[in-house]
Amino acid sequence: MPGITVKRKLREGRRNRFIAASIKVIDHIRETYGKSDASGEIACPLCEVGTVRFVVNGFNGHTRGYCGTRGCLRWVEGITWLSIATDVIHKFA
Ligand SMILES: [Zn+2]
C-alpha cells in the first residue's frame with residue numbers, strides 16, 4: 001500500500017526533524033550553561049517562529065523545555081539520549 005508508506009515516511013521525517021531540533025537546542029544549552037542552574041529562552045530551530053523556554057537542572061545538568069508554538073518542540077531530558085528520542089516517538093506515535 002503506497003499510501004501507508006508515504007504516511008510513514010512523512011511521520012518519520014517529522015520525527016527526525018523533531019529529534020534533530022531537540023539535540024541542537026540541548027547542545028546549545030549545554031555549551032552555554034554546563035551543569036549550572038539556569039533558565040532562559042532561545043529562538044526555536046524547528047518552527048522558526050516560536051521561542052523555546054528552558055530550564056537546566058544544576059544537580060545533573062539535565063534540561064527540559066518547550067516551544068511556545070502549539071505541537072512544536074517539547075522535551076524532558078532523562079538519563080540517556082534514548083529517553084529524549086522515546087519521548088519524541090511517543091509524541092508522534
Ligand atoms: Zn517551535
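Predicted model: local features only at pLDDT ≥ 70, side-chain atom pairs only at ≥ 80, totals over all residues.
Five bridges join strand β2 (residues 51-56) to strand β3, and the two strands run antiparallel.

**The β2-β3 pair**

Within this pair, R53 has Y66 of β3 as its bridge partner. V55 is likewise bridged to a residue of β3, namely R64. The hairpin formed by β2 and β3 has six residues between the strands, and G61 adopts a positive phi near 80° there.

The side chains of β3 (residues 63-67) alternate between two faces.

**From β3 to β4**

On to strand β4 (residues 74-76), β3 is joined by three bridges, again with the strands antiparallel. G65 stands opposite W75 of β4. These two residues are ten positions apart in sequence, and their C-alpha atoms lie 5.6 Å apart in space. β3 and β4 also form a hairpin with six residues between them, in whose turn G71 has a positive phi of about 80°.

| Residue | Location | Phi |
|---|---|---|
| G61 | hairpin of β2 and β3 | near 80° |
| G71 | turn of the β3-β4 hairpin | about 80° |
| E48 | loop between β1 and β2 | about 65° |

E48 has its positive phi although it is not a glycine. E48 is exposed because 10 other C-beta atoms lie within 10 Å, where exposure requires 12 or fewer.

**The sheet and the overall order**

The protein chain contains two helices and four strands, which follow one another along the sequence as α-β-β-β-β-α. The four strands form an open sheet in the order β1-β2-β3-β4, with antiparallel pairing. β1 (38-43) and β4 stand at the edges with a single partner strand each, so one side of each has no neighbour in the sheet. On average, neighbouring strands of this sheet are turned by 15° against each other, direction ignored.

Of the 93 residues in the protein chain, 18% are buried. The largest nonpolar core has twelve residues: F18, A21, V25, I26, I29, C44, V52, F54, V56, C67, L73 and W75. Helix α1 (2-33) and strand β2 each supply at least two residues of this core, and the largest share, five residues, comes from α1.

One of the core residues is W75, which is found in strand β4. W75 is buried because 25 other C-beta atoms lie within 10 Å, where burial requires 20 or more.

Leaving aside neighbours within four places in sequence, I26 is in contact with T63 and E77.

Among contacts in the protein chain with a separation of 6 or more, 36% are between residues 24 or more positions apart.

Note on methods
Residues numbered from 1 in each chain as written. Contact = placed C-beta atoms within 7 Å. Pairing = 2+ DSSP bridges. Core = buried A, V, L, I, M, F, W, Y, C linked by C-beta atoms within 7 Å. Axes fitted to C-alpha atoms, helices over the stretch in contact; angles between N-to-C directions.
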